[in-house]
Amino acid sequence: MDMIFGKNKKEQPEPLRAKIKGELPTWLHGTLLRNGPGMHTIGETTYNHWFDGLALLHSFTIRNGEVHYRSKYLRSDTYNSNIEANRIVVSEFGTMAYPDPCKNIFSKAFSYLSHTIPDFTDNCLINIMKCGEDFYATTETNYIRKINPETLETLEKVDYRNYAAINVATSHPHYDAQGNVLNMGTSIVDKGKTKYLVFKIPPTIPEKKKKKNNLKHLEVICSIPSRSLLSPSYYHSFGVTENYIIFLEQPFKLDILKMATAYIRGTNWASCITFHEEDKTYIHIIDRRTKRTLLTKFYADPMVVYHHVNAYEEDGHIVFDVISYKDHSLYQLFYLANLNQHFEQNSKLTSIPSLERFVIPLQVNKDAEMGENLVKLESTTATALKEKDDQVYCQSEDLCEGIELPRINYAHNGKKYRYIYAAEVQWNPIPTKITKFDILTKSSLKWGEEHCWPAEPVFVPAPNAQQEDDGIILSVIVSTDPKKPPFLLILDAKLFTELARASIDAEIHLDLHGLFIPSVGSPEEPEDNVLRN
């Protein structure tokens with residue numbers, strides 16, 4: 001496991017031509033841009049957690065039947081400070097950095113004081129966000145970094161706090177039909193309140209303000225008060241439909257007081273987030289038209305959700321699908337000590353991810369009896385039981401187990417859909433196969449190969465696609481066999497058969513998330529829509 005998770009990867013800043021086996025679709029032109037941790041040791045210091053590693057961007061550019069690969073470390077302030085000091089000097093969520101032992105007592109005291117209200121890292125290693133014509137590497141702090149998607153050059157640093165009171169934000173934004181970026185962030189103890197903010201960034205800038213960037217026109221469209229001033233919920237994503245936004249305030253909570261004193265107490269920030277198994281998961285439904293939450297209080301059993309899959313409206317209901325866990329043991333597993341020692345034993349103790357479907361009735365009949373199921377859809381076994389005081393208890397339908405990193409045909413985002421593409425994790429959280437799950441038939445197709453570890457699958461639609469699964473799947477494959485080179489896998493999304501692979505004679509890291517950027521004017525993509533999230 002050390003070669004997959006712990007070994008520092010070399011960057012490949014110049015384009016490297018891949019060796020292709022099979023046939024690439026003639027219509028496939030564009031760039032698969034991905035992000036993830038690539039460096040975990042600086043000098044004699046090592047990060048504790050895999051998610052703390054320094055961001056390594058990489059891309060596969062597909063053009064005229066050829067594939068070229070390149071990778072480059074994000075030159076964040078965090079990266080530059082660590083490399084210059086030849087040690088970890090900027091704290092990450094699972095690793096707290098401490099003053100150099102050689103520093104004097106005054107420098108140490110100042111360092112402790114400054115960490116009381118921490119300035120978070122700009123090590124943006126989780127995803128890629130498109131905003132207008134610009135692309136940003138993102139993480140879950142208040143910082144994002146603009147990048148050049150072609151050269152992978154790091155550009156300016158952006159602080160969300162310059163545009164709204166946002167201390168942390170998700171790395172899984174949505175994009176609506178107009179090209180607006182929709183995202184969520186948490187405002188911690190701002191003017192005596194802690195709240196969750198839904199915000200929008202427009203794709204274009206008014207003509208008279210062309211010199212300003214899109215983020216200067218960021219608009220907070222809704223705020224949701226946190227149930228606790230000093231213990232807001234952690235969340236990694238959220239759901240959208242045509243008219244609604246779905247936010248899960250789950251009992252996986254940040255303890256702000258503990259975070260403020262973590263540095264002094266010699267603990268990391270990750271130790272300040274706790275799963276409260278005795279609490280509920282509150283389901284907030286925001287009407288995008290009125291910019292207000294529905295008055296009915298919906299809740300479910302305690303769970304931890306990292307990834308929403310999709311959501312849509314049907315016959316007076318909201319249907320939304322998520323990958324849920326019964327606890328937060330997944331995060332614990334990704335400490336490097338657990339990944340590299342007794343991994344098989346540790347991973348079996350991890351909660352198994354489950355694909356769950358919830359259904360929210362948009363109209364709650366006041367005359368309904370206590371305990372009555374308010375879900376009237378015949379296509380699901382999910383229930384919403386009326387309780388007193390306008391509360392509704394929601395129970396999910398179990399669709400399947402053992403998948404993570406879900407993706408869909410993004411043209412169906414917020415709409416009724418049928419297919420999910422994901423990494424199959426079986427008894428451990430490391431993907432060993434890619435799967436296509438059919439929600440309608442509850443059946444699946446799979447791709448797998450010995451010693452191969454696939455990353456998140458990305459769907460790219462075929463030109464003039466008529467059906468939801470008309471297209472291909474792209475996934476970056478790394479191998480535990482040193483004799484087997486890593487490669488970009490291209491699958492037929494309908495049949496789930498291999499069309500081609502592009503092997504790379506270079507080191508490739510296991511990444512997290514990213515997107516496909518079709519070439520503007522390419523056969524499969526009109527110029528006004530250049531994103532496949």
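**Notes on the predicted model**

1. Starting with the rings: the structure holds 22 aromatic pairs. One of them joins Tyr-331 and Tyr-335, with 6.0 Å from centre to centre and 85 degrees between the planes, which puts this pair in the edge-to-face class. Keep in mind throughout that this is a predicted model.

2. Are Tyr-331 and Tyr-335 buried or exposed? Both Tyr-331 and Tyr-335 are buried.

3. Two charged side chains sit over rings elsewhere. Lys-280 lies over the face of Tyr-299, 4.2 Å from the ring centre. Arg-501 does likewise with Phe-487, at 4.1 Å from the centre of that ring.

4. Phe-487 turns up again around Ser-503. This serine is placed in strand E38, residues 498-503, and Arg-501 of the previous point falls within that residue range. Leaving out residues up to four places away in sequence, Ser-503 touches Phe-487 along with Pro-485, Pro-486, Ala-18 and Lys-19. Ser-503 has 19% relative accessibility, so it counts as buried, the cut-off being under 20%.

5. Now for helix H2, residues 77-85. Which of its residues are buried? They are Thr-78, Tyr-79 and Asn-82. Looking down the axis of H2, these buried residues fall within an arc of 100 degrees, so they line one face of the helix. What does that set pack against? The partners are four strands: E3 (30-39), E4 (41-42), E6 (54-63) and E7 (66-73).

6. Have a look at the residue that follows H2, too. This is Asn-86, and its phi is positive, near 55 degrees.

7. Lys-291 is a loop residue to check by eye. It is not a glycine, yet its phi is positive, about 65 degrees. Its place is in the loop between strand E21 (281-287) and strand E22 (292-293). Lys-291 counts as partly exposed because its relative accessibility is 40%, and that class runs between 20% and 50%.

8. Asn-464 lies in the loop between strand E35 (458-461) and strand E36 (471-479). Why does Asn-464 count as exposed? Its relative accessibility is 72%, and exposed means over 50%.

Conventions:
Residues numbered from 1 in each chain as written. Predicted model: local features only at pLDDT ≥ 70, side-chain atom pairs only at ≥ 80, totals over all residues. Heavy atoms only, no water. Helix = DSSP H or I, 4+ residues; strand = E, 2+ residues; numbered from the N terminus. Buried < 20%, exposed > 50% of the residue type's maximum accessible area, 1.4 Å probe, protein only. Contact = heavy atoms within 4.5 Å. Arc of directions from axis to C-beta. Phe/Tyr/Trp six-rings, centres within 6.5 Å; stacked < 30°, edge-to-face > 60°. Lys NZ or Arg CZ within 6 Å of the ring centre and 35° of its normal.
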